[in-house]
Amino acid sequence: MTSFDSTPTPTAWRALFVLTVVLMMLATTGWTAVRHQTGPRTLLAAELTAWHKARIQGRALPSPDAGPTRLAAFFASVGTGAGARLAADYPRVVGNLDGAPVTLRYRANRKALAASWSKEKDRVADPALTADGHHEAVRRMHRFRALMDEDRQILAFDPSGAGRVAEVFGDLDRAERVSVIVPGVDTNLLTFQKTNRKYTAPVGMAQSLYAAERAAAPRVPTAVIAWADYTSPVGVGVDSAIGRLAESGARRLTALTEALPGNSRVALFCHSYGSVVCGVAARGLPARVEDVAVAGSPGMRAENVAGLGTSARVWATRDGDDWIQDVPHLEVGGLGHGEDPVTPEFGARVVSAARAVGHTGYFEPGTESVHNFAAIGVGAYDGISCAAGDDSCRLGIAAA
C-alpha cells in the first residue's frame with residue numbers, strides 16, 4: 001500500500017486517478033448508466049410458454065437454452081417443412097435461436113419485425129404519448145420498416161428495452177470466412193444504422209468491411225455479421241468501466257460463434273467496449289475463431305495475450321488521436337479493463353490505423369485499419385501493414 005505520507009508510485013497515481021474518475025461518474029450518472037427499460041416482452045413470453053408445451057412429430061421441442069449443437073441437431077432431424085412451421089408459429093423464438101438454420105431465422109425475424117412495426121405504428125397514433133415518447137415510437141417504427149426490406153438478412157431481433165439486432169452481409173451458409181463485428185457503447189436498435197457518420201454504426205462498419213474483404217479476395221466466399229445482439233453500456237458511465245455487461249455479452253458471442261453453419265473460419269473485430277466483450281469471451285471461444293482484432297480498446301480484462309487463454313491470433317490497433325489512449329489501462333477492484341492491447345507488454349500483433357480519425361473512424365473506407373481488418377478476415381496475412389512499419393506483426397504466420 002502507498003501511504004499518504006510518501007510519494008505514490010506511478011501505478012498508485014493511476015489507481016487514484018481511476019478512482020477519482022469513477023467518483024465523478026457516480027456523481028453525474030448514478031450507480032448505473034444502463035437504461036433499464038421495459039419493452040414489448042408479452043408476445044415473446046406467450047410464445048415461450050407455448051413453445052415449452054408444443055410437440056412436433058410427436059416430440060417435445062428443445063429448450064431455447066439447450067445450446068447451439070443440440071438445437072442444430074433438432075432442426076436437422078425434423079426437416080425443412082417442420083422447421084418452417086416452427087418459424088411461422090414461433091417467430092420471436094426461432095429468430096433468436098443459435099443453432100437454428102439461418103434461413104429460418106431470417107424468415108422468422110422478418111415476421112417478428114412486421115408484427116413489431118404494426119404495434120409501433122399503433123403506438124405512434126396514441127394521443128396519450130408524450131412528445132418524447134411519440135418521437136421515439138416514430139424512430140422505432142422507421143427502424144423496423146427498414147429492417148424488413150427483402151434484401152436484408154436479420155439474424156437476431158429483440159425489440160424489448162433499447163433492443164438488440166444482428167444482420168448478415170453475404171451468404172453465411174456458404175462462407176469459408178466469417179467476420180463478426182462487435183461494437184461498443186450506445187449500441188441498440190436505433191443506433192444500429194446511421195445515415196450521417198454511416199461507418200460509426202454496426203451496419204456501416206459491416207458494409208465497409210464486407211466490401212474491403214471482397215476486394216482483397218474476390219474468390220473467397222465471405223460473410224460479415226453486424227452483431228449488436230448484446231446489451232451494451234449507455235455512455236461513458238460506470239457500466240462501461242466494469243465487466244458485468246461484457247460477461248453477458250461474451251456468453252451470447254460464444255453461442256453465436258458455436259452456431260455458425262459449416263466449417264467456416266471466424267475472425268472477430270471488436271471496437272471499444274466490444275473489445276472487453278471479446279476479451280471476456282476469448283477463453284471459451286471455439287477453435288474456429290482464429291483471429292481476434294481490437295480497435296480503440298479500453299482493455300480486454302487481461303494483462304497480456306496469454307491471460308486471454310485463447311489460441312486465436314490477437315491483433316490490435318489505435319489511431320493517433322483516439323481519446324481512448326488517455327483512459328488509464330488498469331484494473332482496480334473490478335474497475336477498468338486491464339493493460340492497453342497496443343503496448344508491447346500486452347503482446348498483441350499491432351497493425352496500422354493510418355488515415356483513421358478519432359475513436360470511431362476505424363471502419364471508414366480507405367483507412368489502413370479497414371484494409372488490415374479485411375486482410376485478417378480473409379486470411380491474406382501477407383497483405384497486412386504493421387504499425388511499426390515492418391513485418392513484425394506478421395511473424396510466424398504462413399501466407400494464405
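The structure is a predicted model. Its chain contains 12 helices and 10 strands. Of the 400 residues in the chain, 52% are buried. Strand E7, which spans residues 265–271, is largely enclosed by the rest of the structure, because six of its seven residues are buried.

**The chain as a whole**

- Among the contacts in the chain with a separation of 6 or more, 67% are made by residues 24 or more positions apart.
- The chain has an accessible surface of about 18100 Å². Carbon and sulfur atoms account for 54% of that surface.

**Strand E7 and its pairing with E5**

- Strand E5, formed by residues 177–182, is joined to E7 by six bridges.
- E5 and E7 run parallel.
- Within this pairing, Val-178 stands opposite Val-266 of E7.

**Strand E7 and its pairing with E8**

- E7 is also joined by six bridges to strand E8, which covers residues 289–295.
- The strands E7 and E8 run parallel.
- Cys-270 stands opposite Val-294, a residue of E8.
- Between these two strands the chain passes through helix H10, made up of residues 273–281. This β-α-β crossover from E7 to E8 is right-handed.

**The picture around E7**

- E7 pairs with E5 through six bridges and with E8 through six bridges, while six of the seven residues of E7 are buried.

Definitions and conventions
Residues are numbered from 1 along each chain as its sequence is written. This is a predicted model: local features need pLDDT of at least 70, side-chain atom pairs count only at pLDDT 80 or more; totals for chains, interfaces and linings use all residues. Side-chain values use heavy atoms; hydrogens and water are left out. Helices (H or I, at least four residues) and strands (E, at least two) are DSSP runs, numbered from the N terminus. Buried means under 20% relative accessible area, exposed over 50%, partly exposed in between (1.4 Å probe, protein chains only). Contact means heavy atoms within 4.5 Å. Accessible areas come from the Shrake-Rupley method with a 1.4 Å probe; for residues, only the protein chains shown count as cover. Two strands pair if DSSP finds at least two bridges between them. A crossover is right-handed if, with the strands pointing away from the viewer, the path from the first strand over the helix to the second runs clockwise.
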